[in-house]
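These are notes for a colleague who is opening this structure for the first time. Please keep the sequence and the 3D view at hand while reading.

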Amino acid sequence: MAVMTTRSCPCGLPEAYEKCCGRFHAGTASAPSAEALMRSRYSAFVRGDAGYLLRTWHPRTRPARLDLDPGMRWTGLEILDTADGSAFHSTGTVTFRASYRGGSLHERSRFERVDGAWVYVDGEFLA
Ligand SMILES: [Zn+2]
């Protein structure tokens with residue numbers, strides 16, 4: 001779709017989706033940092049890609065299945081803080097606010113690297 005190629009990525013970065021989170025969703029690249037993985041997971045929520053969300057969930061904490069609410073309208077992601085989570089780390093945290101129509105989610109998420117790839121472990125809701 002021509003519309004998608006000219007729009008910036010749902011994660012909030014100015015790059016087109018295909019050059020940003022789309023590469024991770026398609027499996028042609030893997031997220032280089034915990035923040036990049038967090039952004040790509042948000043984009044997956046926006047696009048309703050439950051398969052990607054499960055693939056990037058730590059095997060220890062991954063739910064058996066994930067039912068996304070098709071009525072949920074995500075409106076933006078704001079990364080508030082990051083700790084570790086770079087190529088030199090095996091764990092990292094990302095604090096973010098994800099907005100949706102009618103509210104927002106403020107969470108500190110924990111990430112780990114499993115076989116070199118960043119995965120989501122769990123999150124703590126913040127006030
Ligand atoms: Zn993106």
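1. The structure is a predicted model. The values in this note should be read with that in mind.

2. The zinc site. Which residues hold the zinc ion? The protein donors are the SG atoms of Cys9, Cys11, Cys20 and Cys21, and they lie 2.2 to 2.4 Å from the ion. Along the sequence, these donor residues follow the spacing C-x1-C-x8-C-C. The angles among the four donor atoms run from 105 to 118 degrees, and the site is tetrahedral.

3. Length of helix H3. Helix H3 covers residues 34-47, which makes 14 residues. Just after H3 comes glycine 48, with a positive phi of about 70 degrees.

4. How much of H3 is covered? Of its 14 residues, 10 are buried, so the helix is mostly covered. Among the buried ones are Leu37, Met38, Arg39, Arg41 and Tyr42.

5. Four strands make an open sheet, in the order S1-S2-S3-S4, with antiparallel pairing. S1 and S4 are the edge strands; each has a single partner, so one side of each has no neighbour in the sheet. On average, neighbouring strands are turned by 30 degrees against each other, direction ignored. H3 packs on this sheet and touches S1, S2, S3 and S4, and its direction makes about 160 degrees with that of S1.

6. S1 and S2. These antiparallel strands are joined by nine bridges. One of the pairs is isoleucine 79 with phenylalanine 96 in S2. The hairpin has six residues between the strands, and in it glycine 85 takes a positive phi near 80 degrees. Aspartate 84 lies in strand S1. Its phi is near 55 degrees, a positive value in a residue other than glycine. Most residues other than glycine have a negative phi.

7. S2 and S3. Here the antiparallel pairing runs over 10 bridges. Tyrosine 100 has glycine 103 in S3 as its bridge partner. The two strands form a hairpin with two residues between them, and glycine 102 in the turn has a positive phi of about 100 degrees.

8. S3 and S4. Eight bridges join this antiparallel pair. Phenylalanine 111 stands opposite tyrosine 120 in S4, and arginine 113 stands opposite tryptophan 118 in S4. The hairpin has two residues between its strands.

9. Aspartate 115. Is aspartate 115 buried or exposed? Aspartate 115 sits in the loop between S3 and S4. Its relative accessibility is 81%, so aspartate 115 counts as exposed. Its phi is near 50 degrees, a positive value in a residue other than glycine.

10. Valine 119. This residue is found in strand S4. With a relative accessibility of 7%, valine 119 counts as buried. What does valine 119 touch, not counting residues up to four places away in sequence? Its contacts are Leu37, Arg55, Thr56, Trp57, His58, Arg110, Phe111, Glu112 and Val114. One of these, Leu37, is among the buried residues of H3. The C-alpha atoms of valine 119 and proline 59 are separated by 8.9 Å, and the two residues are 60 residues apart along the chain.

Definitions and conventions: Residues are numbered from 1 along each chain as its sequence is written. This is a predicted model: local features need pLDDT of at least 70, side-chain atom pairs count only at pLDDT 80 or more; totals for chains, interfaces and linings use all residues. Side-chain values use heavy atoms; hydrogens and water are left out. The expected span of a helix is 1.5 Å times one less than its number of residues. Buried means under 20% relative accessible area, exposed over 50%, partly exposed in between (1.4 Å probe, protein chains only). Donors are N, O and S atoms within 2.8 Å of the metal (3.2 Å for Na, K and Ca); water is not among the atoms, so sites may look incomplete. Four donors count as tetrahedral if all angles lie between 85 and 135 degrees; four count as square planar and six as octahedral if opposite donors are over 155 degrees apart and all others between 65 and 115; anything else is irregular. Two strands pair if DSSP finds at least two bridges between them. Axes are lines fitted to C-alpha atoms, for helices over the stretch in contact, and angles run from 0 to 180 degrees between N-to-C directions. Contact means heavy atoms within 4.5 Å.
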